[in-house]
Amino acid sequence: ALCAVAAHHDALRTQFIRRGDGASGGWIQEVLHVGDAALPWLEVHDAGTGATSITDVGKGLLVRFDLGEGRLLAAALVRGAGDAPDRLVVAVHHLAMDAVSWEPLLGDLEAAYDAALRGVPAALPSKTASWRTWARYLRDADRSGALAPLAERWEAAGKATGLHRVLHRDLLRGPHHGLASEETLITRLLTPEASARARELGAADALLAALAFALQGAQDGPLGSIDVESYGRGELPIHEPAPDVSRTVGWFTTLSPVELPMVVTPSEALDRVREHQRAVGDSSAAFGYLFPERHGNGDVLFNYLGTHGAPVEFLTAGEKPRLRSVRGIRLERADLAERTHRLDIHAVEGPSGSVEVTVNYRASEDATRSIETLLGHVEEAILAMATPNSPQGSPSSTSLQSGLDLSQEDLDDLLEDYG
């Protein structure tokens, strides 16, 4: 089943080769033909032997990837003890695919596994356009000048200036780079009330606004920028129609900055985030082409994954085992991977609707206390945001009213309460 899925999706047979030495060298990416790429890795762990926790098994699969040979898919079957179900841990190198790709990949894996049980060839659903086709679409749009008007959107919104402030509190102190082995993480599950409020307001925008507001208070001033990851599969606002990549396995993730001015209330922060989204529209996929020198230079990375998930486990259905997908996704980084941001923050929505926020940061006692405080302020900020149906009116009207008849003492109290 794993081989059938790798043969079906080009991204899982991608080879990365380093050409040249030093600064003059570069990486070459090439999709290998079926049969030329290394086969997916599969290992089996018996119950009660070796590293049988899902986390340990998942980390162990990282060393099975081989970029030079095109092995970007690895899996481990963990046998259950007694009547416990077996679990299948599937790992894919992040260079090959993004979180959205899990849905078509797992659906195809289930179909291929069912076909293997019946002893027939796997008949997988038709693929949409390849990642290579999408990359050429962006390249050709850039060369034709079709992306140029999008640059004006970023410049008009003041988002392409690359303003970089030195963040001086314990929260963001320390080297900008380092290794993943030097970092740790904290995860907070928002209360049902905060999760429901975030979903009502639009979870991605509400979480980003709450984070920006809390960080603003943590450093006593406006935040330079937050690098925001998005799915990157939307059609660009240009004349050339985009290829359909809805069922394509690949890495389409985009990275673009959001810079907010000093705000007074969480609702105002939400207004500013929404204004930014309206100003730049669906042009985030073009930002890296337009402003390569600004790409990924922020201190903070934010990614809202929504409900996309990955883990899979075997369940018994009649006389034959079946695969069942379970929501949830985990990003594991090799210890020698370089950190790109001081804070790496991602949020997901679980099956129950609760929102979970995880922060990766350089480990220190002071930073841990600051992160825990930050996450508390994020939740408070979400709960303080006005909803369209609230007595206070729309978020926009609330934030405008908040700027009237407020003394400096009032402003200081607000920042102390929420920042």
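**Cores and strands in a predicted model**

The largest nonpolar core in this predicted model has 42 residues.

Visitor: Which residues have the most contacts inside the largest nonpolar core?

Guide: The model is predicted. Its largest nonpolar core has 42 residues. Those with the most contacts inside this core are Leu-207, Leu-211, Ile-226 and Phe-302.

Visitor: Which helix gives the most to this core?

Guide: Several elements each supply at least two residues of the core, including helix H6 (192–201), helix H7 (203–218), strand E7 (226–230) and helix H10 (365–384). The greatest contribution is eleven residues, and it comes from H7.

Visitor: Leaving aside neighbours within four places in sequence, what is Ile-226 in contact with?

Guide: Ile-226 is one of the residues with the most contacts inside the largest core. With neighbours within four places in sequence left aside, its contacts are Leu-208, Leu-211, Ala-212, Leu-215, Ser-256, Pro-257, Val-258, Val-300 and Phe-302.

Visitor: Is strand E13 mostly covered or mostly uncovered?

Guide: Strand E13 spans residues 355–362. A residue counts as buried under 20% relative accessible area. Six of the eight residues in E13 are buried, so the strand is mostly covered.

Visitor: Which residue in E13 is the bridge partner of Ala-347?

Guide: Strand E12 (residues 343–349) pairs with E13 in the antiparallel sense over seven bridges. In E13, Ala-347 has as its bridge partner Val-357.

Conventions:
Residues are numbered from 1 along each chain as its sequence is written. This is a predicted model: local features need pLDDT of at least 70, side-chain atom pairs count only at pLDDT 80 or more; totals for chains, interfaces and linings use all residues. Side-chain values use heavy atoms; hydrogens and water are left out. Buried means under 20% relative accessible area, exposed over 50%, partly exposed in between (1.4 Å probe, protein chains only). Helices (H or I, at least four residues) and strands (E, at least two) are DSSP runs, numbered from the N terminus. Two strands pair if DSSP finds at least two bridges between them. A nonpolar core is a set of buried Ala, Val, Leu, Ile, Met, Phe, Trp, Tyr and Cys residues joined through side-chain atoms within 4.5 Å. Contact means heavy atoms within 4.5 Å.
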